[in-house]
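Welcome! Take a moment to look over the structure below, then follow the briefing with it open beside you.

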Amino acid sequence: MVFALLLSAAIVLIRLGIPEGADAVTAQEYTESARRGAVKIALALVPFAGIFFLWFVGAVRAHVGAVEDKFLATVFLGSGLVFTATMFGAAAAAGALLAVAHPSGASPGPSTWDFGRNFAYTLMTGYAMRMAAVFVCSMSVIGHRLGVLPRWLSVLGFLTALTLLFVSSNVPWAELVFPAWSLVLSVYIIVASGRTRARLTGSA
């Protein structure tokens with residue numbers, strides 16, 4: 001749940017600080033506005049989002065238990081690690097824009113600005129979100145095949161994966177469906193774990 005909230009906050013702040021497409025700001029506008037503050041906060045949140053994401057992966061695998069499919073578990077874990085790496089890469093690219101614009105309040109040249117902005121968004125929407133799609137899809141298949149997730153949550157996962165795979169690179173803000181799905185899954189795992197402990201306590 002903490003990962004979902006941190007990632008959502010980071011995505012929103014990056015989107016507001018360095019918009020893309022028709023709403024993209026120039027290097028001068030970025031330097032002279034409060035957008036830098038939003039980007040700084042987002043960059044400070046990203047490492048913690050990555051840390052809590054690894055805890056999230058561990059919690060999901062613990063919920064699946066010993067019955068997990070080794071093939072799907074490998075895809076699940078691998079896509080999660082690649083997602084984390086590409087998310088950090090996107091944050092580093094955004095941080096580079098911040099560093100270039102920092103000295104004496106100078107603004108980077110148009111070519112440098114456009115390269116850094118497009119590079120950061122390509123990593124986030126073109127690569128990180130597609131790895132997130134593989135992560136969500138593999139978890140949904142595991143949940144459906146092994147019966148560790150309800151049908152509605154597996155269907156929601158497949159829809160989320162399709163959105164991340166085909167929509168997120170073209171529709172701004174679409175990447176927020178990933179932390180939203182993570183939040184729903186986290187709440188379900190917490191509730192399911194509570195019910196399991198209650199049953200064990202009652203039977204004892």
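Helix 3 bends by about 25 degrees at V46, and the proline P47 follows within four residues. Keep in mind that this model is predicted.

**Helix 3 from end to end**
- Helix 3 covers residues 35–64, which makes 30 residues.
- From the first C-alpha to the last, helix 3 reaches 42 Å, close to the 44 Å expected at 1.5 Å a residue.
- Just after helix 3 comes G65, with a positive phi of about 80 degrees.

**Aromatic pairs around F135**
- The structure holds 14 aromatic pairs.
- In one of them, the ring centres of F56 and F135 are 6.2 Å apart with planes at 45 degrees, so this pair is tilted.
- Is F56 buried or exposed? With a relative accessible area of 6%, F56 is buried.
- F135 also counts as buried, at 1% relative accessibility.
- F135 pairs with F76 too: their ring centres are 4.4 Å apart and their planes are at 25 degrees, so this pair is stacked.
- Because F76 lies in helix 4 (residues 70–100) and F135 in helix 5, the pair ties together parts that are 59 residues apart in sequence.
- Both F76 and F135 are buried.

- Ring pairs link F3, F53, F56, F76, F83, F135, F178 and W181 into a cluster.

Technical notes
Residues numbered from 1 in each chain as written. Predicted model: local features only at pLDDT ≥ 70, side-chain atom pairs only at ≥ 80, totals over all residues. Heavy atoms only, no water. Helix = DSSP H or I, 4+ residues; strand = E, 2+ residues; numbered from the N terminus. Expected span 1.5 Å × (residues − 1). Bend = angle between axes of the 7 residues up to and from the residue. Phe/Tyr/Trp six-rings, centres within 6.5 Å; stacked < 30°, edge-to-face > 60°. Buried < 20%, exposed > 50% of the residue type's maximum accessible area, 1.4 Å probe, protein only.
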